[in-house]
Amino acid sequence: MSHPAQVRVPATYMRGGTSKGVFFRLQDLPEAAQVPGEARDKLLLRVIGSPDPYQKQTDGMGGATSSTSKTVILAEPTQPDHDVDYLFGQVSIDKPFVDWSGNCGNLTAAVGAFAINGGFVSQDRIPENGFCTVRIWQANIRKTIVAQVPITNGEVQETGDFELDGVTFPAAEVQVEFMDPADGDGAMFPTGNVADDLEVPGVGILRATMINAGIPTIFINAEDIGYTGTELQDAINGDPKALAIFETIRAHGAVRMGLIGHVDEAASRQHTPKVAFVAAPVDYVSSSGKQIKAGDIDVLVRALSMGKLHHAMMGTAAVAIATAAAVRGTLVNLAAGGGDRTDVTFGHPSGTLRVGAEASQVDGQWTANKAIMSRSARILMEGWVRVPGGSF
């Protein structure tokens, strides 16, 4: 019996922020996968090693976590005054689907460098030394992101002394600006309120802030669900009952936000919305053993991604945190002490992160102007990935 040979596909394996994923140029994909659809999804699933009932992704490039089961496709810009189109696919670990409903803020930090190395940025815009401004069109959410990529001797500078909690080694700092990060197709607060009572069967009525900024996110108070806001991954991810409760909250919140029509649809939309819980600052010890002092942070935040507590913080959720903190009366703002603010430093399981955001009211509706954060990125491996022929 004959079997088809493996197919080689040019690819780059990159870390961006606290995530990593497989990056492709659209023109390098097999022809059938150059358009959205079943062939593309099957290719990316096989590249990452999904679906895997063992939830290890041993036969692929994925790392069996929401932070490492990611793919990126870059293409020529479809919008004027942009350098590149950035499409993000969150690959399910144990189910056969790719979620295209949102962005990955962490991997955004790597998009600028990949765009430069991949020939998407005009040579005359790349300085010999300094910073290259890369104008990114985020195709999933149809928003502009601007990355400031450090350049040394005409090439992307990846090494440096910028430290990011959740990443072991220092690297070069990349500043990322999310322009107008609120949902352009709807209100920043889809219920019309900065805080609501969310009825969750089997859980009760929870106070919640539901926001579309960076990524659709449901914020709840840690104490309302029996937590302190200092929890690390094992406290949540090792508790199947807790995970089921969070998924129930996520499903009912998604309906209230108008993202789905019925709670049953949440299972096929794992990437969005996110669920996060907040609390006022207290001292705690991060997952690396680092002491985090209450006086060094404004608020505690823990967030779930793809059904599990994130080891640090999703970049897009950080945008949601900063934007919500900038609006009086949200749960994030109240947990951070209330008042007006243009930046927030929050504590997460791996340490702390400072994010800036600007929000304003126009005709009674809140809007986010931009959010800014610093991340880092570097190439881990480049060449080809191989997938069995006939698998897509």
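Thr 71 counts as buried, at 1% relative accessibility, where buried stands for under 20% relative accessible area, exposed for over 50% and partly exposed for anything in between (1.4 Å probe, protein chains only). Thr 71 belongs to strand S3, residues 70–75; strands (E, at least two residues) and helices (H or I, at least four) are DSSP runs numbered from the N terminus. Setting aside neighbours within four places in sequence, Thr 71 touches Val 22, Leu 44, Ile 48, Leu 87, Phe 88, Gly 89 and Val 91, a contact being heavy atoms within 4.5 Å.

A word on the model itself. It is a predicted one, in which local features need pLDDT of at least 70 and side-chain atom pairs count only at pLDDT 80 or more, while totals for chains, interfaces and linings use all residues. Residues are numbered from 1 along each chain as its sequence is written, and side-chain values use heavy atoms, with hydrogens and water left out.

Zooming out, the protein has 6 helices and 21 strands. Its radius of gyration is 20 Å, close to the 21 Å that the globule rule gives for 392 residues, so the protein is as compact as a globular protein of that length; the radius is taken over C-alpha atoms, and the rule is 2.2 Å times the number of residues to the power 0.38. Along the principal axes, the C-alpha atoms fill a box of roughly 55 × 55 × 45 Å. Of the 392 residues, 53% count as buried. Among contacts between residues at least 6 apart in sequence, 64% join residues at least 24 apart.

Another buried residue is Ala 182, at 5% relative accessibility. Ala 182 sits in the loop between strand S9 (174–179) and S10. Beyond its neighbours within four places in sequence, Ala 182 is in contact with Lys 143, Met 188, Asn 212, Ala 213 and Ala 368. Pro 51 is 131 residues away from Ala 182 along the chain, and their C-alpha atoms are separated by 32 Å.

Then there are the charges. The structure holds 15 salt bridges, each a side-chain nitrogen of Lys or Arg within 4 Å of a carboxyl oxygen of Asp or Glu. One of them pairs Asp 196 with Arg 256, with the closest N and O atoms 3.5 Å apart. This pair links distant parts of the chain, 60 residues apart: Asp 196 lies in strand S10 (residues 196–200) and Arg 256 in helix H4 (residues 240–256). Asp 196 is buried, with a relative accessible area of 5%, whereas Arg 256 is partly exposed at 36%.

Asp 298 and Arg 341 also meet through their side chains in a salt bridge (3.7 Å, N to O). Here the partners are 43 residues apart, with Asp 298 in the loop between strands S15 (291–292) and S16 (299–305), and Arg 341 in the loop between helix H6 (331–335) and strand S18 (343–348). Asp 298 is partly exposed, with a relative accessible area of 23%.

In a further salt bridge, the side chains of Asp 340 and Arg 328 come to 2.9 Å, N to O. Asp 340 is in the loop between H6 and S18, and Arg 328, 12 residues apart from it, is in the loop between helix H5 (315–325) and H6. Both Asp 340 and Arg 328 are exposed. Elsewhere, salt bridges that share partners join Asp 83, Arg 125 and Arg 135 into one network.
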